[in-house]
Amino acid sequence: MTQAPREAPAAIRLLAVGVFAAWVALAGLWTLPPLDRDEARFAQATAQMLETGDFIAIRFQEKERNKKPAGIYWLQAASVSALSAVENREIWAYRIPSIFGVVFAAIFTFLTARRLYDQRTALLAGLLISSAPVVAAEATIAKTDGVLLALICLAQYAFVEIYAAREEGRAKGWAWPLAFWTAHGGGILIKGPIGPMVSFLTGIGLAITERKMSWAFRMRPIIGILILVIIVAPWAFAINAATEGRFFSDAIGGDMLGKVGEAQESHAGPPGYHTVMVWVMFWPAAALLASGLAHIWRDRKQWQARFLLSWIVPAWVVFEISATKLPHYVLPLYPALAIVAAHAVMKDGPAQTFLRKAGAIGYGIVGLIAAGLVGGLPIFLSAAPMTMICFALAAAIAFASLFIAYLFWKGRAWSGGVSAALLAGIYAWILMGAVLPGLNQLAVSPRLSIALESAGRHPIHNEADPIAIAGYSEPSAIFLIGTETKLTTGDYAARLLKSGAVSAAAVDQRERDAFLSEYGPGADDLLTLAVIDGLNYSKGDPVEIAIFVKPAKD
């Protein structure tokens, strides 16, 4: 009698998921410059906390930044203090919390999937969430979403344990309710009510489908509210006093509710935007999502499927009807989608076969587009593109994508899922570790900073006086060049340089006539240290920035 092969212990699978998640998350840590606009804004606000010693009020230069709570800034400040120094302006040190967040999110996704189903489903779900392009990107961006994802995954894992205890008739406990409320307390300090909203909408979904809420009392809601008050209230009182109430009026009335009612910063999208984007943003799981959702829907009378549908559907509707849309907004729902996709691998049938073949076609198309980016971006956005290397990498990615699509097409879903996760991880390293850092036409702020340092005029590294920038106002320039940098118009930049208030003026071509006209007769004597041309990718506008300085006196 042949003995069945032994499965790897759960600890080994969990370790594999954690290591894989960390490997993918590290792809762009040291190679990508500060990204506009959100990452640079977060990093600059953190840098100002370290420079001033004020860890309550959040500012970008002199302007209050009343959008998100202080939690992420505290984590970034701790990371920079431990691993770097604020004057170094090393963006990788600000990204460390995001990396840890994504790794823990993958771990909690594994644990949730194992609690819902089995270890094999858990392993694949952990690999799929780790390698999703939007997750890999958020791991390399110093802002809130990576850390928030980890806290939401912990809260939802605790929710699953509480809900499962009721379904299985086990006694009430304290450990999981404490974990649930503590995770949400941390989530509020990171990004306000988004985390609690996801769990609340999950509960609404369960209440509608079950018409009972006995599980809610197992959450110890009275103690939970006390935990939230203990975690959040000290900072809330402090920031309210520091801003005289402006923080909450701006954050709730301006930022949060404003995004629901109308699109902010041109981030609009019609209903269905997230449904379309998920096939790109969750590329490794694209071939499995449709069949997984179909299977979960058929199994909706089982508590596991009911919980996953309640996690996904209500919140997805809310995000779709909100006016402001960005691909990462639905990130808190991706762990549930990863579990749904991984669970599809364990099932088969005519419907799943058809949907999986349709998914295989979609997966292959996205893979070819991804390969095209690797081969095409350097041609247009790099001064010296490594054409043959990029074409070879693009060809390899295209071939691998088509081969994995073939695996999905033939029903080899497990091999296809694992291979897709591995390819997506490799792609993250190619794109963020090699291709994007070489697109010098996009690196306007880093090249501006390097030019100033080479000329001995850098306000941070050379301890020079501040500079003025006219016609280019991206936050990455403030982060790299210094908090005292003056963002202004061409004519005012001329007055600042002429008076000696700044050591140099960096003027884009659109402001150059106004600058030279205001400077007057001495403009012909100005020295041009460097000219930085490129593309402002935040606006899609070409730039040509000349750095002017006054000639040295004899």
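This is a predicted model: local features need pLDDT of at least 70, side-chain atom pairs count only at pLDDT 80 or more; totals for chains, interfaces and linings use all residues.
Close-up 1. Residues are numbered from 1 along each chain as its sequence is written, and side-chain values use heavy atoms, with hydrogens and water left out. Helices (H or I, at least four residues) and strands (E, at least two) are DSSP runs, numbered from the N terminus. E5 (residues 504-508) and E7 (residues 541-549) run antiparallel, joined by 4 bridges. On to E3 (residues 467-470): 4 bridges join that strand to E5, and here the two run parallel. In this pairing Ala468 stands opposite Ala505, and Ile467 stands opposite Ala504.

**Close-up 2. Strand E5 is mostly covered.** How many of its 5 residues are buried? The count is 5 of 5, with buried meaning under 20% relative accessible area, exposed over 50% and partly exposed in between (1.4 Å probe, protein chains only). In a regular strand, side chains alternate between the two faces of the sheet. In E5, Ala504, Ala506 and Asp508 point one way, Ala505 and Val507 the other way, and all are buried.

**Close-up 3. Five strands make an open sheet in the order E4-E3-E5-E7-E6.** The pairing is mixed, and two strands count as paired if DSSP finds at least two bridges between them. At the edges sit E4 (486-488) and E6 (527-536), each pairing on one side only. From one strand to the next the twist averages 20 degrees. Helix H20 (residues 444-454) packs on the sheet and touches E3, E5, E6 and E7, its direction making about 165 degrees with that of E6. Helix H22 (residues 490-499) packs on the sheet too, touching E3, E4, E5 and E7, with about 140 degrees between its direction and that of E4. For these angles, axes are lines fitted to C-alpha atoms, for helices over the stretch in contact, and angles run from 0 to 180 degrees between N-to-C directions.

**Close-up 4. Arg512 lies in helix H23 (residues 509-519).** Is this arginine buried or exposed? Arg512 counts as buried because its relative accessibility is 16%. Leaving aside neighbours within four places in sequence, Arg512 is in contact (heavy atoms within 4.5 Å) with Val507, Glu544, Ile545, Ala546 and Phe548.

**Close-up 5. A nonpolar surface patch brings together Trp174, Leu178, Ile223, Leu226 and Ile230.** Together they have about 470 Å² of accessible area, from the Shrake-Rupley method with a 1.4 Å probe, and for residues only the protein chains shown count as cover. Patches are made of residues with over 30% relative accessible area and no salt bridge, joining like charges within 9 Å and nonpolar side chains (Val, Leu, Ile, Met, Phe, Trp, Tyr) within 5 Å. A salt bridge is a side-chain nitrogen of Lys or Arg within 4 Å of a carboxyl oxygen of Asp or Glu. Helix H11 (residues 221-242) gives the largest share, 3 residues. Ile223 lies in H11 and is partly exposed, at 34% relative accessible area.

Close-up 6. Most residues other than glycine have a negative phi, and most peptide bonds are trans. A cis peptide bond joins Asp36 and Arg37, with omega about 0 degrees. Arg211 is not a glycine, yet has a positive phi of about 60 degrees. Arg211 lies in the loop between H9 (194-210) and H10 (214-217).
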